[in-house]
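Dear colleague,

Please read them with the structure open beside you.

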Amino acid sequence: MPAADPTAPSRSQCRPATLGGELRVALTRISRRLRAQRGEADLPEGRFGVLTVLHKHGAMSPSELADHERVRPPSMTRAVNALVEMGLVEKGEHPSDRRQVVVRLTDAGVREVKETRRRRDAWLTQQLSSLTPDERETLARASELLTRIAAR
């Protein structure tokens with residue numbers, strides 16, 4: 001009979017409630033560390049979120065942004081105005097409703113999104129490079145599972 005793997009998790013660590021708590025803590029810590037990796041503008045995460053939505057989905061009205069980010073319109077208006085002042089977004093005329101405006105990324109906003117993502121990827125790559133190939137393989141499998149859980 002082969003010896004038990006000393007690095008294998010115990011039965012109690014594999015129970016959904018126990019594993020859930022441990023994963024929550026680990027994912028929260030990693031998320032915090034990733035969010036600390038910021039671009040030149042050193043934006044708060046909420047404002048960076050606005051840039052990433054515009055980068056992914058294109059120009060939209062402040063109310064659409066508020067709905068997408070699940071914040072109240074006045075909060076989004078403040079965030080958009082701050083991003084305008086920083087030159088990361090610009091407001092333009094809505095194509096079909098002159099009473100509304102649309103918000104779009106500027107070239108500086110695109111650079112900020114790309115630089116922040118580059119820094120975050122670099123930090124995570126550095127952390128992963130210190131692991132063994134077997135550990136990275138385990139994380140690759142775990143990533144697939146976490147992606148599946150997140151899609152539910």
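**Pocket, cavity and surface patch**

Among the elements that line the largest cavity, helix α5, which covers residues 107–129, gives the most, with three residues. Please keep in mind throughout that this is a predicted model.

The structure holds one cavity of 30 Å³ or more, and the space in the largest cavity comes to about 30 Å³. Its lining is made up of R38, G39, D42, L43, F48, E112, T116 and R120, and when these residues are sorted by class, four are charged, two are polar and two are nonpolar.

The open space is described next. The largest pocket has a volume of about 1,300 Å³, and the elements that give two or more residues to its lining are α1, α5 and α6. The lining has 27 residues, and those that lie nearest the centre of the pocket are L23, T138, L139, A142 and L146. Helix α6 supplies the largest share, with twelve residues, and by class the lining of this pocket divides into 17 nonpolar, six polar and four charged residues.

On the surface there is also a nonpolar patch, formed by L19, L23, L27, L146 and I149, which together have about 380 Å² of accessible area. Two elements, α1 (16–35) and α6 (133–150), each give two or more residues to this patch, and the largest share, three residues, comes from α1.

L54, by contrast, lies in helix α2, which covers residues 45–57, and since its relative accessibility is 4%, which is under the limit of 20%, L54 counts as buried.

One last item concerns L54 again, this time together with S31: the two residues are 23 residues apart in sequence, while in space they are 21 Å apart, taken from C-alpha to C-alpha.

With best wishes

Technical notes: Residues numbered from 1 in each chain as written. Predicted model: local features only at pLDDT ≥ 70, side-chain atom pairs only at ≥ 80, totals over all residues. Heavy atoms only, no water. 1 Å grid on protein atoms, 1.4 Å probe; cavity = no way out; pocket = protein on both sides within 12 Å on 5 of 7 lines; lining within 4 Å. Points joined across faces, edges and corners; volume = space filled by probe spheres on them. Helix = DSSP H or I, 4+ residues; strand = E, 2+ residues; numbered from the N terminus. Nonpolar A, V, L, I, M, F, W, Y, C, P; charged D, E, K, R; others polar. Patch = residues over 30% accessible without salt bridge, like charges linked within 9 Å, V, L, I, M, F, W, Y side chains within 5 Å. Areas by Shrake-Rupley, 256 points an atom, 1.4 Å probe, with all protein chains shown as cover. Salt bridge = Lys/Arg side-chain N within 4 Å of Asp/Glu carboxyl O. Buried < 20%, exposed > 50% of the residue type's maximum accessible area, 1.4 Å probe, protein only.
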